[in-house]
Amino acid sequence: MAESDPSMNLPTGYVPPEIWNPETQSGGRFANINRPTSGAQFERELPVGKHPHQLYSLGTPNGVKVTILLEELLAAGHQDAEYDAWMIDIGAGDQFGSDFVEINPNSKIPAMVDRSIDPPVRLFESGSMMVYLAEKFGAFLPTETHKRAETFNWLMWQMGSAPFVGGGFGHFYAYAPFKIEYAIDRYAMETKRQMHLLDTVLADREFIIGDEYTIADMAIFPWYGNMMRSAYDAQTFLSVHEYKNLGRYVETMLAREAVQRGIMVNRTFGGPESQLRERHDARDFEVNREDMVLERGGERISFD
């Protein structure tokens, strides 16, 4: 470890111990659910609906990737892509229940089970789900070699880059218990570099690989669309107005009806009219938005 002056550390005088103590409280948002170990913390069954695909998720960018894809598949006529979307409250620790951990041992959303196959297929990691569904239905993943490779290039780029935006910039700018200039500067620089990269690539193309809409767009948009619009209340700080091409791309994505629906599923923030806490039927968007459910005193309309 490089030599440093402890008086310059945060908190002042802090020196990392020889062995880290897992009882140390990090503070900040989500600290109450963080653990240094994996595995189930309690027994809990997950509900199972009537459709082939059972999604257990939350309307965060990683969850929205999958609901956008499912809604796009349905819009394209793939009726076998029907799904039930059950909300997993990560703030309450739902992801540590035994059934959820059986699907995703990493205890992160989203998690999904494809019950159209016997035995059922478990799926975790949003990128894995997107490839699985695209290949299953033969949609949004080009078969031509160069386009297919480019789609995978950008899908994997998103999977590797987003943690610097969320766990890096988002955490230290918005969620950490105190502000650390070094950390914020480091991750703001990387976030802006990523946005500049997308802005540059999108200067001469409609979608991320060119003129074809793919799962790479569905993966990239939830993260960087959020950064352009509202994530972490950091738009002025990051001068997102500089990224004209990225801004145009976000508007193109938002104009798609399937994207609009996918954004709503399992959403718990924003106005209640923008939230569909659970999705079990396409008609839920018409009658079970959260504002409608609240007007009925919490009653959901079932289509069973």
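Against which helices and strands do the buried residues of α3 pack? In this predicted model, the buried residues of α3 pack against the strands β1, β3 and β4 and against the helices α1, α4 and α6. The protein as a whole has 10 helices and four strands, and its elements follow one another along the sequence in the pattern β-α-β-α-β-β-α-α-α-α-α-α-α-α.

**Overall dimensions**

- The C-alpha trace spans about 65 × 50 × 40 Å along its principal axes, and buried residues make up 46% of the 304 residues.
- Among contacts with a separation of 6 or more, 64% are accounted for by residues 24 or more positions apart.

**The sheet**

- The four strands form an open sheet in the order β2-β1-β3-β4, and their pairing is mixed.
- Because β2 (83-87) and β4 (121-124) stand at the edges with a single partner strand each, one side of each is left without a neighbour in the sheet.
- From one strand to the next, the twist averages 15°.
- Strand β3 (residues 111-114) runs antiparallel to β4 and is joined to it by four bridges, with D114 standing opposite V121 in β4.

**Helix α3**

- Helix α3 (residues 126-137) packs on the sheet, where it touches β1 (53-57), β3 and β4, and its direction makes about 130° with that of β4.
- The buried residues of α3 are S126, G127, M129, M130, V131, L133, A134 and F137.
- At 1.5 Å a residue, the 12 residues of α3 should span 16 Å, and the 17 Å between its end C-alpha atoms agrees with this.
- G138, which follows α3, has a positive phi near 60°.

**Nonpolar cores**

- In soluble globular proteins, nonpolar side chains tend to be buried together.
- The largest nonpolar core holds 65 residues, of which W154, L198, I208, I215 and L246 touch the most other members.
- At least two residues of this core come from each of α1 (61-75), β2, α3, α4 (145-175), α5 (181-201), α6 (215-229), α7 (244-254) and α8 (257-264), and the largest share, 10 residues, comes from α6.
- Leaving aside residues up to four places away in sequence, L198 touches W154, W157, I208, I220, Y224 and L246.
- A second, separate core of 10 residues includes Y56, W86, I88 and I109.

Conventions
Residues are numbered from 1 along each chain as its sequence is written. This is a predicted model: local features need pLDDT of at least 70, side-chain atom pairs count only at pLDDT 80 or more; totals for chains, interfaces and linings use all residues. Side-chain values use heavy atoms; hydrogens and water are left out. Two strands pair if DSSP finds at least two bridges between them. Axes are lines fitted to C-alpha atoms, for helices over the stretch in contact, and angles run from 0 to 180 degrees between N-to-C directions. Contact means heavy atoms within 4.5 Å. A nonpolar core is a set of buried Ala, Val, Leu, Ile, Met, Phe, Trp, Tyr and Cys residues joined through side-chain atoms within 4.5 Å. Buried means under 20% relative accessible area, exposed over 50%, partly exposed in between (1.4 Å probe, protein chains only). The expected span of a helix is 1.5 Å times one less than its number of residues.
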